[in-house]
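Please work through the exercises below with the sequence and the 3D structure at hand. Try each task on your own before you read its solution.

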Amino acid sequence: MKRNRMIALIALVIVLAVAATVLAACNVYEWDGIGMGDSSADVVSNGGYYVEQGKYVYFINGYVGSVDSNEWGSAFKQSIMRAEKNDDGTINNDTAKVVVPLSIYNSYADGGFAVYGDWIYYATPNTSKDSSGNASTTHTDFMRTRTDGEVTQRIGTVASRSSQYLFTPTRILYMTDSSTVRYFDFTGMSTDKSVDDGKGASSGVLIENASSVLWGYDSERSASQGVTVSDYVFYTETPTGDDSYRHYNKLCAVRYDGSDRQVLATYDTFFGENDGPESYEKIFTYTLSDLCYVSDAEVTLYYTKSVYEGGTSASRGLYMNTATVQDGKLVFSAQAETKLLETAPSSYFSLGGEKGILAVSDRKVYLVDADNKGYTDANLIIDAGEDVTVQAVIDGYVYYTDSDGALYRINLVAGVGDSSNVRTVIASGVKTDALALDFSGNRIVWFNEDDYSYVYYLDLGAASDGFEGKMMGVMTDADAEAKAEAEEEEE
């Protein structure tokens, strides 16, 4: 009897040991904790490769690009790191630690990662192998990691590495085709254990039959804020069914959680009392092209309009209009729009409100608003003689890059600012073909191609310092050795 009890006891110990081993193995995202972040603080600059939250900064540690293997724990360069800010706002690199040891990459230039509360949300290449041992080259995992690094969850996977996507406090919105906005809702997921299979998350469709879609991030978001305009997705919807033959579409909006869905403009929006189906000049097809957040309660929308006449579509120009949030609901008047240009420019930078746009035409940049229209010498801002891209407008200065990776600034209004007008901010090395250049308040963050594509930052108010940038993060041993050897050769 004792012998049988002893055998049973040994068997139980073995079972428990095996179970413990299996349970331990279930956490494929095991990582050394680095302590929780500043979850109650405002978040600055979501949606890029640099995010501030209170006393911490989170950033992608350098640029690698697409990867063939992306196992948990293997990434250092192109991982997400966290570091503390010094009292003067500079980054204390001695505190930089990897919090997400995965390669963060997607070819969607406005993607990046986001921080909400205790969580970091990001897109990372899925390189899982199929039954033949071939690693995926086409899939992306949407994931989140707690700011202490101890809990990581795979929320969902999509069969694309170029999908447009947006991280919100409760959902990830994404598009794998040009007409449908889908979502992963993670409100049902646990918050205290790692998950590799999306357990607790749900999925669905937010928008169908879309022909253009706009969304974005607050430049600064409070954890306790109410409804804001950045909670809304703006889109145009192609008519179906009995209306599918008509040459028009609907301008619409909906909150990311599916609430407050509205039609902002439709077939008869601009009809007068005596107008009808033959009033072709008042029946429009909209194409959304950009938005600019003026405040938490106001956004400026930019769109083109066209009409169908004589068997063809004819453009009616580029417009801007304002949408606001009042008492938790979106308010919009289609009739309040302002026409900026008869013909939409090849590209433009949105200024928001009544400020209009910086329009690019024939390698020149013009300030176009309600009072200054067209492409004339009177509203010419930049004549660089080569292709330029406007990156930001801050404190009366326009910051722009050229094809050689240099960053310049010029007065938005001639004669207001530096007497020299044009200044070189960064002479070379600004990587402009990855994620969109990151501006956080008066701080610019960029991948420095002159220094192995690691992240540098520059506080734009420090003009007297000669615009010298500082690196944040940590180089790999190989890059550090290569840099040291290159410096020795130069000496």
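Predicted model: local features only at pLDDT ≥ 70, side-chain atom pairs only at ≥ 80, totals over all residues.

Residues are numbered from 1 along each chain as its sequence is written, and side-chain values use heavy atoms, with hydrogens and water left out.

**Exercise 1. The whole chain**

Solution: Begin with the secondary structure, where helices (H or I, at least four residues) and strands (E, at least two) are DSSP runs numbered from the N terminus. The protein contains two helices and 35 strands. Finally, consider burial, where buried means under 20% relative accessible area, exposed over 50%, and partly exposed in between, with a 1.4 Å probe and protein chains only. Buried residues make up 49% of the 491 residues.

**Exercise 2. A strand and its partner**

Task: Find which strand is joined to E14 and in which direction the two run.

Solution: Locate E14 at residues 210-214, where four of its five residues are buried. Then look for pairing, which requires that DSSP finds at least two bridges between two strands. Four bridges join E14 to E16 (residues 232-237), and the two strands run antiparallel. As one example, Ala210 has Glu237 in E16 as its bridge partner.

**Exercise 3. Two loop residues**

Task: Where are Leu351 and Asn61 placed, and what does each of them touch?

Solution: Start with Leu351, which lies in the loop between strand E24 (347-350) and strand E25 (357-361). Leu351 is buried, with a relative accessible area of 14%. For its contacts, meaning heavy atoms within 4.5 Å, leave out residues up to four places away in sequence; Leu351 then touches, among others, Cys292, Tyr302, Leu367 and Val393. Turn now to Asn61, in the loop between strand E3 (56-60) and strand E4 (80-85). Asn61 has 0% relative accessibility and therefore counts as buried. With residues up to four places away again left out, the residues that Asn61 touches include Phe76, Met81, Tyr454 and Met472.
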